[in-house]
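Hi,

Have a look when you get a minute.

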Amino acid sequence: MVKKKIVVIGGGITGLSSTFYLKKELEKQGLDYELVLLEAGTKVGGKIETVRQDGYVIERGPDSFLRRKPEMKKLVADLDLEDQLVENATGDNYVLAKQGLHPIPKNSIMGIPARYWPFFKTGLLSASGKIRVLGDLFVGKQQVDGEDMALGTFLRARVGDEMVDNILEPLMSGIYAGDLDEMSAEATGERFLNLEREYGSLIKGVRGIYDKTTAQQSTTSTFLTMRGGLATIVEALEQELSAKIIKKGKRVQKITRQARGYELTISNQEKLQADSIFIALPYHEIVPMFRDDSNFEEIGEVPAASVAAVSMIFPKDAIEKDIKGSGFVVSRNEDFSMTACSWIHQKWPHTVPDDKVLLRAFVGRRKEESIVDLADKAIEETVLSDLNRIMTINRAPDYTMVTRWRNSLPQYTVGHVQRREAIFEEFRKSYPGIFAGGASFDGVELSECVRQGIDGTTAVLKHLESIEI
């Protein structure tokens, strides 16, 4: 009997998790299908990359995942790695605004106050700015059913420009490296939209849910990581799947529909057949595989921003004026090149020797990406200059590592949800059995990517169940 064939394209966390759960389901259901994962590069893991040396654990990409979202925790459990989970050390997070560092007001959710006293004490807003935020209690509905808008437009109408510029935009930009006045409210601000729908006010909504959620979890860490770095998860997935399933150095150039399933043309002109395909790649890498289909061009693009991470190691005594906390994000209104900085030695103390300091700064975001193309030394000097305006560093770093992620952070601009659905509809209509997921589509956080990988597993198996060979 001819076997049904599944191909996963892309070896980032979305493709790896999808392949892992496909393998588990095939074994559980006793299905004798062929399964292969194609990765264009020489390694898997996508943006997850950990450097381990001399007692340091340094992440080049993401350094953690959200505790409140279940998918990454489930993946860790399914890989029998729970004993290696580490919680972040709790400490204040700051916003660099109004020419100084200010703690994010306590008793708030995404900056929206659940308690008034900490909010009134913050130096991030003027008196008039604070009064304007309270206007949210009286502003009418801002959403128009069936229409998307910029998240910045929605939030400015509810809480005012100062609150958006000094608190909300830096926090959101820290996630998406985007411009709040371009970002889709539907795609990036669902929590805010739901608060307005249910409570008629962001403040009323936050106050309504605070006691039963955040207040009860105030002693619990927000983030989790692995003791040996997030690459621990990638390494475990690679071991589970083995070279029999994972094929590296296999770039898919074209996908052609056949009488049965699809033919994939790979970079060395190798041909591969598939009955169902899950594509876990950035959208701009997917479109060329369907170069004869003009519908993808008509749908439009999912733009992406370029960023760079700068990790710097110092002796502890090099920092004369250290700041207790996990890190800070930077308001666009400030004249700084940095967009954020983490005090890794305080956030993840297990990753750094006791006598050392590890700072991890970020540069580049939507419309401010030219700095990413500078030489490593120029980026290091720029970051050090910025840092010395808010803390005192009396010497050059012992070690610097610059990591560039070009066109790596998808921008969910206004209309993103409609474009995403148009893409998926084109697959359903013209390419039954092909599915897509990953950060370009429905969430950039690691758990969101794993969730899409799991959804891809379900979709592929459902399709294969429906076809006869």
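Let me start with a term: buried means under 20% relative accessible area, exposed means over 50%, and partly exposed is in between, with a 1.4 Å probe and protein chains only. By that cut-off Thr339 counts as buried, because its relative accessible area is 11%.

Before going on, the ground rules. This is a predicted model, so to speak of local features we need pLDDT of at least 70, side-chain atom pairs count only at pLDDT 80 or more, and totals for chains, interfaces and linings use all residues. Residues are numbered from 1 along each chain as its sequence is written, and side-chain values use heavy atoms, with hydrogens and water left out.

Strand S19

Thr339 sits in strand S19; helices (H or I, at least four residues) and strands (E, at least two) are DSSP runs, numbered from the N terminus. Leaving aside neighbours within four places in sequence, Thr339 is in contact (heavy atoms within 4.5 Å) with Val329, Val330, Phe362, Val363, Gly364 and Arg365. Met338 is in S19 too, a strand that covers residues 338-343, and Met338 is buried with a relative accessible area of 0%.

Rings

How many aromatic pairs does a search of the whole structure find? There are 14, where rings of Phe, Tyr and Trp (its six-membered ring) pair if their centres lie within 6.5 Å, and planes under 30 degrees apart count as stacked, over 60 as edge-to-face and the rest as tilted. Take Phe296 and Phe427: their ring centres are 5.6 Å apart and their planes are at 55°, so this pair is tilted. Phe296 belongs to helix H12 (residues 294-299) and Phe427 to helix H15 (residues 416-430), so the pair ties together parts that are 131 residues apart in sequence. Both Phe296 and Phe427 are buried, and one aromatic cluster is formed by Phe290, Phe296, Phe427 and Tyr431.

Two charges also sit over rings (NZ of Lys or CZ of Arg within 6 Å of the ring centre and within 35 degrees of the ring normal). Arg389 lies over the face of Phe336, 3.8 Å from the ring centre, and the charged end of Lys347 is over the ring of Phe223, at 5.1 Å from its centre.

On a 1 Å grid over the protein atoms alone, a cavity is a set of points where a 1.4 Å probe fits but cannot get out, and a pocket is an open set with protein on both sides within 12 Å along at least five of seven lines; lining residues have an atom within 4 Å of a point. Points are joined across faces, edges and corners, and a volume is the space filled by probe spheres set on the points.

The search of the whole structure turns up one cavity of 30 Å³ or more, and the largest cavity holds about 90 Å³. Of its 13 lining residues, Val57, Glu59, Asp63, Trp348 and Thr351 are the closest to the centre. Strand S4 gives the most to this lining, with three residues.

The second largest pocket has about 400 Å³ of space. It is lined by 20 residues, and Tyr33, Glu34, Leu35, Lys244 and Ile245 are the closest to its centre. H10 gives the most to that lining, with four residues.

Cheers
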